[in-house]
Amino acid sequence: MRLSKFHLATTREAPADAEIVSHQLMLRAGMIRKLASGIYTWSPLGLRVLRKVETVVREEMDRAGAIELSMPTIQPRELWDETGRWQKFGPQLLKIRDRKEAEYCYAPTAEEVVTDFARNELRSYKQLPVNFYQVQTKFRDEIRPRFGVMRAREFIMKDAYSFDLTAEGMAESYRIMHAAYTRIFTRLGLKFRAVQADTGAIGGSASQEFHVLADSGEDALAFSDTSDYAANVERAEALAPATLRPAPAQDLKRVATPTQKTIEDVCAFLKISPAQCIKTLIVRGNEGLVALCLRGDHELNEIKAAKLPELPGESLLADEADIVKRIGCVPGFLGPVGLPVDIPVIVDRSAAVLADFVCGGNAEGSHYTGANWERDARITRIADLRKVVAGDPSPDGKGTLGIARGIEVGHVFQLGTKYSEALHATVLDDAGQNRVLQMGCYGIGITRIVAAAIEQNHDEAGIVWPEPMAPWQAVICLINPKNNPAVNEAAEALYSELNARGIETCLDDRGLRPGAMFADLELIGIPHRIVVSERGIAAGTFEYRGRRDSESRNLDQASLLAIFTRGD
């Protein structure tokens, strides 16, 4: 590709609303252009990168035995009613009507459609196992689209669905897809980690997320320092402390804290550690209010809390008016001592071993010191409520946990029969009996991979693509202010030679000055830069610089070509 014939439109500055590096650099490099909130046009440059990702994904899905199809992006309400998700999926589901007032949604995912396809196409166990996949546009009506394509409303996703006769077969299909995902992210040149995860809105019995490791990642990941254990912080279990609760050593005492409402303020005022405090959160339960108690230095894990049988599948703070009516105190001074007996008190494992702790006094402007469980405050039950922190013991019993940041780019689920049972997707087994299909679900965010790769690979000059994702492997810079025919001929010859060897190469023949040319090429992140100039031709060399190199080298043609042979 000759850049003089290509649409390349770089800019020096990114819009003020571009908050993260990938969004800024994608806009500056001209890879994307905003059409509406969370909706982007991919330029020819951006599309080249997308296609590189798609190619690797398709090759590995095909290698794993999956079969590509294409499902509609517009889906009828009736299917979603069968699974009960028309209402449950929430406001992210973009609902539309046609001219006959029939209701549809723009696909945020494809479980309903692929299960409908399976129930109409699969009849016998002899057709199993089978795995269907597609690379398709999705739409989720994010309440606050941000970070460019990282959290866009419209995005491209690879989704795959396996169908098996047994749970054991589903587990094997899951294992095959997990291995395929590992190959995909390895081939793309990304540093990544697979972690145990919550199944979320998709559901199922087990799932793992694949995260590109980056300091800017939205997700916190917990990993053992001595084993292969890794999990999303939302999923990681916080083990109970090995120590037992000490016997009370202090008397319960109410102290005035007229303006101290937060843990930080109370600790500063009383000169104590947050680890010696109990914070009490009052949430909405199935039958009224529920109290959740944690150590002052720990955070509530809302995913864990939502799974408590006392809660309605979500963790929502109670309204202040309801709290005042039932407890007689505003938030900021709440505690477990003296709570009404009909309010369950669920205590985190770490909080349950505290003695002589500080907690809210359930009266405005006061806290208790010397509070103790069972003597002063009852415990309905003890549960794992908190997010793990660095230094916690690993749930697998091996080592301690560290915390890293990651960007989720893939997710694999063991769905079981959640959708096949709802949609009556069955096949006949070898005894002629109807069996509900066992399903797995496997998603990869194609557009999100591009942004995540940039978050992981950039410097002050721009993008530093992993070579498999770069729009071109190499660029030849033609610098010929005197229009010397020998320079043009050498550049053309090298351009033809590299492409003939399968090295995807572009020729920058735009006639820019070297500084502007090099700035553009560093911004868009091409891995190998080769300068052809009059001085180099006279010396029989080319100026070579890798995108990650600090200095250029003058190489003859044989040495230059050897770089690509070696893969430097």
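Buried here means under 20% relative accessible area.

**Figure 1. Overview of the predicted chain.** The model shown is predicted. Its secondary structure amounts to 15 helices and 30 strands.

Buried here means under 20% relative accessible area.

**Figure 1. Overview of the predicted chain.** The model shown is predicted. Its secondary structure comes to 15 helices and 30 strands. The chain has 568 residues, of which 51% count as buried. Among contacts between residues at least 6 apart in sequence, 69% join residues at least 24 apart.

**Figure 2. Helix H2 and its buried residues.** H2 covers residues 44–63, 20 residues in total. From its first C-alpha to its last it reaches 28 Å, close to the 28 Å expected at 1.5 Å a residue. The buried residues of H2 are Leu45, Gly46, Val49, Leu50, Lys52, Val53, Glu54, Val56, Val57, Glu60 and Met61. Gly65 follows the helix and has a positive phi, near 90°.

**Figure 3. Packing of helix H1 against helix H11.** Two packed helices are described by the angle between their axes and the distance between the axes. For H1 (residues 21–28) and H11 (residues 446–456), the angle is about 105° and the axes are 8 Å apart. That makes H1 roughly perpendicular to H11. On the H1 side, the contact involves Val21, Ser22, Leu25 and Met26. Val450, Ala451, Ile454 and Glu455 meet them from H11. By class, this contact has 6 nonpolar, 1 polar and 1 charged residues.

**Figure 4. Trp465 in the largest nonpolar core.** In soluble globular proteins, nonpolar side chains tend to be buried together. The largest nonpolar core of this model has 67 residues, and Met31 and Trp465 have the most contacts inside it. Leaving out residues up to four places away in sequence, Trp465 touches Met31, Val49, Val450, Ala453, Ile454, Ala470, Pro471, Ile524, Gly525, Pro527 and Arg548. A second, separate core has 27 residues, among them Phe89, Val113, Phe413 and Ala425.

**Figure 5. Gly536 in helix H14.** Gly536 lies in H14, which covers residues 534–539. Its relative accessibility is 10%, so Gly536 counts as buried. Gly536 and Asp556 are 20 residues apart in sequence, and their C-alpha atoms are 9.3 Å apart in space.

Methods
Residues are numbered from 1 along each chain as its sequence is written. This is a predicted model: local features need pLDDT of at least 70, side-chain atom pairs count only at pLDDT 80 or more; totals for chains, interfaces and linings use all residues. Side-chain values use heavy atoms; hydrogens and water are left out. Axes are lines fitted to C-alpha atoms, for helices over the stretch in contact, and angles run from 0 to 180 degrees between N-to-C directions. Helices (H or I, at least four residues) and strands (E, at least two) are DSSP runs, numbered from the N terminus. Angles under 35 degrees count as roughly parallel, over 145 as roughly antiparallel, 65 to 115 as roughly perpendicular and the rest as oblique. Contact means heavy atoms within 4.5 Å. Ala, Val, Leu, Ile, Met, Phe, Trp, Tyr, Cys and Pro count as nonpolar, Asp, Glu, Lys and Arg as charged, and the others, Gly among them, as polar. A nonpolar core is a set of buried Ala, Val, Leu, Ile, Met, Phe, Trp, Tyr and Cys residues joined through side-chain atoms within 4.5 Å. Buried means under 20% relative accessible area, exposed over 50%, partly exposed in between (1.4 Å probe, protein chains only). The expected span of a helix is 1.5 Å times one less than its number of residues.
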